[in-house]
Amino acid sequence: MRLGGCRWLQVLVKGCLSLPGLSLARTWGGRGGRMAEMLSAGAEAASELRAPAEQNGDADGDARDERPPGRPEPAAAGVESAPGVGKQVTGSEEQAPAAAPGPGKRKKRRGATGERVVPPPKKRRAGVSFGDEHFAETSYYFEGGLRKVRPYYFDFRTYCKGRWVGHSLLHVFSTEFRAQPLAYYEAAVRAGRLHLNEEPVQDLSIVLKDNDFLRNTVHRHEPPVTAEPIRLLVENEDMVVVDKPSSIPVHPCGRFRHNTVIFILGKEHQLKELHPLHRLDRLTSGVLMFAKTAAVSEKIHEQVRDRQLEKEYVCRVKGEFPSEEVTCKEPILVVSYKVGVCRVNPRGKPCETVFQRLSYNGHSSVVRCRPLTGRTHQIRVHLQFLGHPILNDPIYNSVAWGPSLGRGGHIPKTDEELLRDLVAEHQAKQSLDVLDLCEGDLSPGLTDSTAPSSELGKDHLEDLAASAQKMDGVLEAAPQDLDTKALAPGNAAETDVVNQEIDPLCAECRLVRQDPLPQDLVMFLHALRYKGPGFEYFSPMPTWAQDDWQED
């Protein structure tokens, strides 16, 4: 009997998963590791709740989910795993019995004398949320109308990607993690910051094998966000609904971890294990809903898929918007997931937004927006196309789009030129965070070759090596090393360990960045109302949408 499409893969995965102790990653070892990785990921995804669909034109987080693994954190080898993944696994740990090999197949060799044995991967625990041990990594302080995070040590963890197998760590760092010069990683090795299968890396020339587990300890800095508090609109046994201030991401992404809604709610309101029901752009404010249980989350997601949710936004746009109702049905194409930029394009996905002007003050208009589909940046892109971009939109009201600012889809440059010009504009303003980028994310194609580079020059490499030697002494003297969690501020003081806010290997510690003004962190787009079967949530109209609001 022939199985059409990918049905044979589903049957194969089901059959393998039904055998006790059988690991797909071990079954397809060696060159088949990528197939195992693909099948294992598919099986795991099927057991979890589906991720929230893109809810509105501000679903910035959804676009980021489609980026290549490791992009948001280029300074480290990979992405953070679920809590517990970093637990040491040794070759002596008891293993579940493996299935007998079939006819003509050799049993996988455990390793000859002197050969490095790679432990089997540990399964991630689906649905694990952030807890007190994560919230205690660092603390907040407030300054100049901004919420700031004290720098802290953090572990990035990942299993070896299929494309890394057979390559050295040196090759992987030089080709995929170029946020730091190779001299940094060499210094990190001497300082004991890099671990392979929970053993300190001694040489970057070591060749990676399937299932290798990498851990990279880095000194982490987060950009500031507004000091405006997150207000609780509703809390009951099923839901938590908040009024999200502009500039705060919903969940950890890129350089943001503690300065996110998820972490602030956990640390300041003791609201943990929440399930985001939709996402808003970092710069978008307004109604943000969370479910307290997986069952409620799935129920709301079904309503989203069935188009039962009504969403209403309000924004302030450039110029005099038409007084009559306007519907825009232009398809939207993602230009770059990395930079987070979209544009109207016939090859894009179909979408629809209904606009209605509420007021006009002679310079700008307040407009109500009802997105009927959920594409990334949908509201912002459609307003740009109509010739009325959001007044202070740092992306879609930029001169990088050309003289007409993208009106009618007229953009007199290639996508590559557009991205380069957008990056150059925000690099000059020291506002790359608006694009969710840092200097280390900038590939040669995204930057002007004449622009100054932030990478450490050759004259700093010796200082970097010397700093590593100093860190060696600190780590040897410390009762606890920089292991699976950050040094808590109290512990650092009690053990007289070096202040974790300053790190000799951290290039960010050497930089002096100008703080943004609080008003620069606000974009005039606000989620005003979300309504579904049995619920309706409002947030107050923002100050900039009031009739008596005056432009600076």
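Student: So, is His219 buried or exposed?

Tutor: This is a predicted model, so keep that in mind. In it, His219 has a relative accessible area of 9%. That is under the 20% cut-off, so His219 counts as buried.

Student: What is His219 in contact with, leaving aside its neighbours within four places in sequence?

Tutor: Pro151, Tyr152 and Tyr153 are among its contacts. The list also includes a run from Gln500 through Glu501 and Ile502 to Asp503, plus Cys506 and Cys509.

Student: And which side chain does His219 have a polar contact with?

Tutor: That's His221, and the two side chains are joined at 3.3 Å.

Student: OK, where does His219 sit in the fold?

Tutor: His219 belongs to strand β6, which covers residues 213-220. That strand is part of an open, antiparallel sheet of four strands, ordered β3-β6-β4-β5. At the edges are β3 (152-159) and β5 (199-200), each pairing on one side only.

Student: How many bridges join β4 to β6?

Tutor: Three, with β4 spanning residues 194-196 and the two strands running antiparallel. As for who faces whom, His195 is opposite Arg215 of β6.

Student: Switching topic: how many helices and strands are there in the protein?

Tutor: You get 13 helices and 19 strands. The protein has 552 residues, and 48% of them count as buried.

Student: What about the contacts between residues at least 6 apart in sequence?

Tutor: Of those, 70% join residues at least 24 apart.

Terms used
Residues numbered from 1 in each chain as written. Predicted model: local features only at pLDDT ≥ 70, side-chain atom pairs only at ≥ 80, totals over all residues. Heavy atoms only, no water. Buried < 20%, exposed > 50% of the residue type's maximum accessible area, 1.4 Å probe, protein only. Contact = heavy atoms within 4.5 Å. Polar contact = N/O pair within 3.5 Å; in protein donor to acceptor, adjacent residues only side chain to side chain. Pairing = 2+ DSSP bridges.
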